Amino acid sequence: MKRALLALLMLSHVAWAAEAPLKPDWSQSIAKGVNRIECFDLNENGEYEIYALSFHPYRTSVAVYDEEGKTKYNTIIPREAEIEYGDEDQTIAAVADIDGNRYLDLISGTEIRVGSINNHRLYRHQRIPEVGLDRLYNRYVWMVKDTGLITSISFADANGDGKTDIITSSVDNRIRAYDHEGNVLKELTMDGSVWDAKPVNADGDKKMEYIIAGFKGLYLLDDNGETMWEQPAESRYDMAEAYDLDGDGKPEYIGLSEDIIHVYDSAGNRLWSHGRPNIEAISAMGIYGSSQNYLLVGAGSTLAFINPRGEVNWEHQVRDKILSIKPVREEGFVRLFVGTNDGIISYRIDEDIFKAREAYKQYLEALKYFELEDFETTIEHANMAAEIYKEVGLTPNESDARSLATKSMNIIEAEQYYRKAIEHYEAGRYNASIEAAQQSIEMYKLIGYEKGLNRSRELAELNTGKAAEIIATIKNREAGQRYYETAESHYINGSFETSLEYAERAYEEYERVGYEPGMNVAKTLIELSREGLASKTTTTQTSTTTTVKEELEISQDDIIMYAALLMSLIIVAGVLKSKLRKR
């Protein structure tokens, strides 16, 4: 019955859960192969721009779009070394406003291979207005030589001075931090090439930590380059990220190695892993109504949304290979930009759909914990689902969630009565146990919780049986006591036969209920009665023999007396006869 009810409740929520949360908003293919996407309001006018960077050996470019997908401009990042060497390959690029002057800074890493020359450089160009013209151009600002082949570029305050610095990793085993003028602020050395490095301020102080994807493993370094923990690997780590997935205020650390994502906690303990082929992009997006985040993974043409426990909540197929992902939360919805081989796609996630999916997920959690009889957790998830459903106007779904929460609260109250009934039963207070069990039965009936109802009924029956057993025991013990007192009275009066009869009856009554003390005293009285009876019989037999003997002795005297008398008579008779003859 309960399972059928739960199935019906789940079906009423499925429609919202099945609806795809991603809706294509716009797409652009001006720049192919979008490897990186950044979004910020450079002009501080309340509208952000989307910067789509495409890395190509001979043509690294930045395409800029407004929020509606209209192209603002597309610029090629200059390769200054071509003037000197005639050949220079660009390998990586990033954009930011590192000096706060509201002009776009183009940061790029290049590789020069001409003859015996094998050099690597880091450039900064800036998009500034061209004098006398209503347009921008890319002005060369500075260049740093001998950087090693740069594998990643990030931005952070490396020295705590409140300014944005450039963080790079390279295959020459180095992590370097540069200020906005190209001066080296920090250089950390690893044992092996570094393929990605992300700055992290986990504890909120002014000192950075760095999560490092290296040739020999994944590492977390402190601000001085000391290893806080490491995870060695048979194959190199290609990508490193840090996001607070579970919402506890501490980042989880993510490393990609051989198409397997490994997630670690702040102490370096592995939480979970997730593998799929052709992973090129990793990002994170907030979960509505929570401080938790989805991990977004681009693998081939599949965009996967993975929850903080490592479970895939849903997937979306994109038309081409995914190279980059950038979520942006706006008022009432989330914008998700996806860079592919063919260009950039903007998706819209309507907040109501997103909220409804989150509510459905919370509702499923509530049902799961209801099945497990964890009603406290059921209430927590059901109330969360109800609040979100209320916010998006899904009144029937809200009602279902609140009903589940109310039912769980009532079950908790009924469980309290049931536990009291158990306590009374174990203490031998069967009447009190019956009363508490009946209260739980009434509540279980009211809420229709069959499992609890059956359990309480069984306890009530046990109590009733125990009470009847006790009553019967008391009756047997009382009867045994009456028989014993009667036997004892007869014993005192010397009526041992009667005493024995009643003592045996007392023993039988005590034995029926297993009352050992009563059985022992009755047994003792039986033995005493038998002894008294035996003693009385022997005394009676002795008295009878003496009387008979005495009687026999008197009879003999009489015989002698009568014999003497008879002899005398005979003698007298003989004398008289003799006298008569003489006459």
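**Close-up views of a predicted model**

Y294 is buried, at a relative accessible area of 4%. Buried means under 20% relative accessible area, exposed over 50% and partly exposed in between, with a 1.4 Å probe and protein chains only. This is a predicted model, in which local features need pLDDT of at least 70, side-chain atom pairs count only at pLDDT 80 or more, and totals for chains, interfaces and linings use all residues. Residues are numbered from 1 along each chain as its sequence is written, and side-chain values use heavy atoms, with hydrogens and water left out.

**View 1. The whole chain.** The protein chain has nine helices and 28 strands. Helices (H or I, at least four residues) and strands (E, at least two) are DSSP runs, numbered from the N terminus. Of its 583 residues, 45% are buried. Among contacts with a separation of 6 or more, 45% join residues 24 or more positions apart. Contact means heavy atoms within 4.5 Å. The chain exposes about 29,800 Å², and carbon and sulfur atoms supply 50% of that area. Accessible areas come from the Shrake-Rupley method with a 1.4 Å probe; for residues, only the protein chains shown count as cover.

**View 2. The W26 and Y65 rings.** The structure holds 13 aromatic pairs. Rings of Phe, Tyr and Trp (its six-membered ring) pair if their centres lie within 6.5 Å; planes under 30 degrees apart count as stacked, over 60 as edge-to-face and the rest as tilted. W26 and Y65 form a tilted pair, 5.8 Å centre to centre with 50° between the planes. W26 lies in strand β1 (residues 23-28) and Y65 in strand β4 (residues 61-65), so the pair ties together parts 39 residues apart in sequence. W26 is buried at 10% relative accessible area, and Y65 is buried at 0%. Ring pairs link W26, Y48, Y65 and F337 into a cluster.

**View 3. The Y294 and F305 rings.** The ring centres of Y294 and F305 are 6.1 Å apart and the planes meet at 85°, so this pair is edge-to-face. Y294 belongs to strand β23 (residues 293-299) and F305 to strand β24 (residues 302-306), so the pair ties together parts eleven residues apart in sequence. F305 is buried, with a relative accessible area of 0%.

**View 4. Arginines over tyrosine rings.** A charge sits over a ring if NZ of Lys or CZ of Arg is within 6 Å of the ring centre and within 35 degrees of the ring normal. The charged end of R127 sits over the ring of Y73, 4.3 Å from its centre. The charged end of R505 sits over the ring of Y502, 5.0 Å from its centre.

**View 5. Helix α8.** Helix α8 covers residues 496-512. The expected span of a helix is 1.5 Å times one less than its number of residues. For the 17 residues of α8 this gives 24 Å, and the end C-alpha atoms are 24 Å apart, which agrees. Its buried residues are F496, S499, L500, A503, A506, E509 and Y510. An α-helix has 3.6 residues a turn, so residues three or four places apart point the same way. G514 follows α8, with a positive phi near 65°.

**View 6. A405 in helix α5.** A405 lies in α5 (residues 395-426) and is buried, with a relative accessible area of 1%. Leaving aside neighbours within four places in sequence, A405 contacts I379, A382 and N383. A405 and H381 are 24 residues apart in sequence and 8.4 Å apart in space, C-alpha to C-alpha.
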